[in-house]
Amino acid sequence: MAPHDIRRPHKRPAISDQQKRRELSLQRQQQNRRDAQQQARSLASTLLSLSSSFDEPSTSEPVLEIELNELESGTECSLEILSEREFNEPALKELDVRQASKLKSSEARKWFSKQLLLPEWMIDVPDRLSDEWYVFARPSGKRCFVVSSNGTTISRLRNGSILHRFPSSLPNGAKTKKASGSGQTYSILDCIFHETDQTYYVIDMICWRGYSLYDCAAEFRFFWLNSKLAESGACELPSYYHKYKFSLVPVYSCDQNGLHAAYAGAAPFVKDGLLFYNKHSHYQPGNTPLALVWKDENCSQYVIDTDSNGQVPSQQQLVLELQSDGKVATSDDPPVYFGCLDGDFLGKLGLSSGNLLRFTIGDGGLTIVDGRIQGADLQYSGKVNRARAFADSYSKVMFQYAARRSPLKIDDLLASINSSNDGGGHDSEMVG
């Protein structure tokens, strides 16, 4: 990585349209609503009773680690879905959760890859970071749904495969005499399973005892999560009726003290970057600029993507999806196009629409105008592993590109906080 040690005394200039998309997302959130309660109920049912094609992998079989993205549901708490998520294949576009449970292989992976909230990578520091955003450390591990209902608890990865089936102290999560409430009551949590201490770290709450939180602001969801999870006993040590411990991740307002605590404070888990949530954002599926992930070498082992051998390649690699017209695009909605492949080239290699292709960014790099890709020096490397469900997002490509040249540093985040606070008052200094 090229050295970039110059301290910026002022807020770093924006290099993308991420802020514009954040503003648009908040506007759409206020305009659009869905029947989130029914959607949450269907999701809980599907996660508990998927078809046999999603049976648990054997203990010796490696489990795919993928980011998760959640479904929409709406109740009194007001969830505003930012955009209508669509699938490239018309046959998949209108599927509900129960129908999706019957999908096979790549179609199922594609559907489930759109069911968890996926933070964008932070390309530019958001406006009003200290006033409008939360920050917390992201535990390293497997992102998953956890649903409890009918006396059992199941965790599923984003591709639908079962991670664990176990008893828990979550509502209706185990068959005990003390179980209270209707047998149909369900709860759904957004978690990261941390292998080292065998703990589910809960980063968001989607439903609790049948009450949908999809259309609730993050501010309320985090409050509800903190007050309800401990009451359930799920944070207690494992026991016969509670196989895995659940733990809360401390969430801070993103002022200097909060950023310092999340970034440099001690944590019981291995950190994999920081997560930033807009306080007013609802829980929506797919990529959203209202939740962001940021990393540097001090808070993550994996700032720059590694290859299959765990080594950082000399040139940046990215994965794009081949469209029917030969264009290659990101996983965003709408997608961002990086170029177009010649028909003869596609025919020669037997490539078809929907294939995920790996490219290397050549010495020509990316051409960026007004925060958008206008050209890219891409070199085709081959198809990706069939187990992968989706292409890279635009924000990930841009974050990785900047990380190799002019990374967004912790000082940039502090400078943004300082500029909005007129110097930051007497907040603690950032360590490291």
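Reader: How many salt bridges does the structure hold?

Author: Welcome! The model you see is a predicted one, and the structure holds ten salt bridges.

Reader: What makes E120 and R21 a salt bridge?

Author: Their closest N and O atoms are 2.6 Å apart. The cut-off is a side-chain nitrogen of Lys or Arg within 4 Å of a carboxyl oxygen of Asp or Glu, so E120 and R21 qualify. E120 lies in strand 1 (residues 117–121) and R21 in helix 1 (residues 18–31), so this pair ties together parts that are 99 residues apart in sequence.

Reader: Why is E120 called buried?

Author: The relative accessible area of E120 is 4%. Buried means under 20%, so E120 belongs in that class.

Reader: How do you know that R221 and D204 form a salt bridge?

Author: From N to O, the distance between their side chains is 2.8 Å. The limit is 4 Å, so R221 and D204 pass the test. As for location, R221 sits in helix 7 (residues 218–232) and D204 in strand 7 (residues 199–208), so the bridge links parts that are 17 residues apart in sequence.

Reader: Are R221 and D204 buried or exposed?

Author: R221 is buried, with a relative accessible area of 0%. D204 is buried as well, and its value is 0%.

Reader: What makes K295 and D272 a salt bridge?

Author: Here the N to O distance is 3.1 Å. That is within 4 Å, so the name applies to K295 and D272 too. K295 is in the loop between strand 12 (286–294) and strand 13 (317–322), while D272 is in strand 11 (residues 271–278), so the pair ties together parts that are 23 residues apart in sequence.

Reader: Why does D272 count as buried?

Author: Its relative accessibility is 12%, and the class covers values under 20%, so D272 counts as buried.

Reader: What percentage of the residues count as buried?

Author: Of the 432 residues in the protein, 55% do. The protein exposes about 19300 Å², with carbon and sulfur atoms supplying 47% of that area.

Methods. Residues are numbered from 1 along each chain as its sequence is written. This is a predicted model: local features need pLDDT of at least 70, side-chain atom pairs count only at pLDDT 80 or more; totals for chains, interfaces and linings use all residues. Side-chain values use heavy atoms; hydrogens and water are left out. Buried means under 20% relative accessible area, exposed over 50%, partly exposed in between (1.4 Å probe, protein chains only). Accessible areas come from the Shrake-Rupley method with a 1.4 Å probe; for residues, only the protein chains shown count as cover. Helices (H or I, at least four residues) and strands (E, at least two) are DSSP runs, numbered from the N terminus.
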